[in-house]
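Please keep the sequence and the structure in view while reading.

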Amino acid sequence: MHDSADPALVVNDGVVIHLAEPLVVTGRIELHGCIHGHVSCTQIDVGATGIIDGQLTADKADIKGTLGTQLTATSLVLRDGAHISGSVEYAELTAELGAQIDATLSRKHPAVQPAPETLEVINE
């Protein structure tokens with residue numbers, strides 16, 4: 001579940017954070033406690049005791065804990081024991097047996113790259 005890079009933010013078990021404004025983290029969050037509010041990050045690892053009650057936006061999300069309300073992730077992994085509810089938008093989804101999904105799922109399509117221009121070579 002954990003990336004080899006050190007997390008930019010660690011929220012330990014038993015810690016409860018109530019955000020008045022969105023939390024934006026460039027890097028990885030390791031969450032074992034509880035965050036109420038809007039979180040935006042590059043990557044998040046939510047441990048078995050981790051909870052986000054609010055909105056989460058991440059490029060990569062690896063979830064073993066609980067998420068509610070709204071989740072948007074490019075790459076989403078739901079581990080055994082994960083529980084998500086609300087609205088979930090993803091590009092790639094992996095769900096292990098035992099993950100509970102009580103949410104509306106919608107797949108977002110990655111941005112389409114424009115085709116390279118074709119050059120016509122004329123031999124004269």
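## Buried charges and parallel strands

Aspartate 45 counts as buried, at 0% relative accessibility, where buried means under 20% relative accessible area, exposed over 50% and partly exposed in between, with a 1.4 Å probe and protein chains only. This is a predicted model, in which local features need pLDDT of at least 70 and side-chain atom pairs count only at pLDDT 80 or more, while totals for chains, interfaces and linings use all residues. Residues are numbered from 1 along each chain as its sequence is written, and side-chain values use heavy atoms, with hydrogens and water left out.

The side chain of aspartate 45 meets that of arginine 28 in a salt bridge, at 2.8 Å from N to O; the term stands for a side-chain nitrogen of Lys or Arg within 4 Å of a carboxyl oxygen of Asp or Glu. Because arginine 28 lies in strand β3 and aspartate 45 in strand β4, the pair ties together parts that are 17 residues apart in sequence.

The structure holds 4 salt bridges, among them one between arginine 79 and glutamate 96, whose closest N and O atoms are 2.9 Å apart. This pair links distant parts of the chain, with arginine 79 in the loop between β6 and β7 and glutamate 96 in the loop between β7 and β8 (100-107), 17 residues apart. Arginine 79 counts as partly exposed at 24% relative accessibility, and glutamate 96 is also partly exposed, with a relative accessible area of 32%.

The protein has 0 helices and 8 strands, these elements being DSSP runs numbered from the N terminus (helices: H or I, at least four residues; strands: E, at least two). Several strands pair, which requires that DSSP find at least two bridges between them.

| Strand pair | Sense | Bridges | Source |
|---|---|---|---|
| β2 (residues 16-18) and β4 | parallel | 3 bridges | DSSP |
| β3 and β4 | parallel | 7 bridges | DSSP |
| β4 and β5 | parallel | 12 bridges | DSSP |

Individual bridge partners can be followed from strand to strand. Isoleucine 17 has isoleucine 35 in β4 as its bridge partner, and isoleucine 35 in turn has isoleucine 52 in β5 as its partner.

In soluble globular proteins, nonpolar side chains tend to be buried together. The largest nonpolar core here has 24 residues, of which Ile44, Leu56, Ile63, Leu67 and Leu76 touch the most other members; such a core is a set of buried Ala, Val, Leu, Ile, Met, Phe, Trp, Tyr and Cys residues joined through side-chain atoms within 4.5 Å. Strands β3 (23-31), β4 (34-46), β5 (51-63), β6 and β7 (83-95) each supply at least two residues of this core. Leucine 67 is in contact (heavy atoms within 4.5 Å) with Val46, Ile52, Leu56, His83, Ile84 and Ser85, leaving aside its neighbours within four places in sequence.

Threonine 72 lies in strand β6 (residues 66-78) and is buried, with a relative accessible area of 15%. Apart from neighbours within four places in sequence, threonine 72 is in contact with Leu56, Thr57, Ala58, Glu89 and Lys108. Aspartate 59, found in strand β5, is instead partly exposed, with a relative accessible area of 42%. The C-alpha atoms of aspartate 59 and threonine 42 are separated by 5.1 Å, although the two residues are 17 residues apart along the chain. Not counting residues up to four places away in sequence, aspartate 59 touches Cys41, Thr42, Ala73, Thr74 and Ser75.

For the protein as a whole, 33% of the 124 residues count as buried. Among contacts with a separation of 6 or more, residues 24 or more positions apart account for 7%. The protein exposes about 7500 Å², of which carbon and sulfur atoms supply 51%, the accessible areas coming from the Shrake-Rupley method with a 1.4 Å probe and, for residues, with only the protein chains shown counting as cover.
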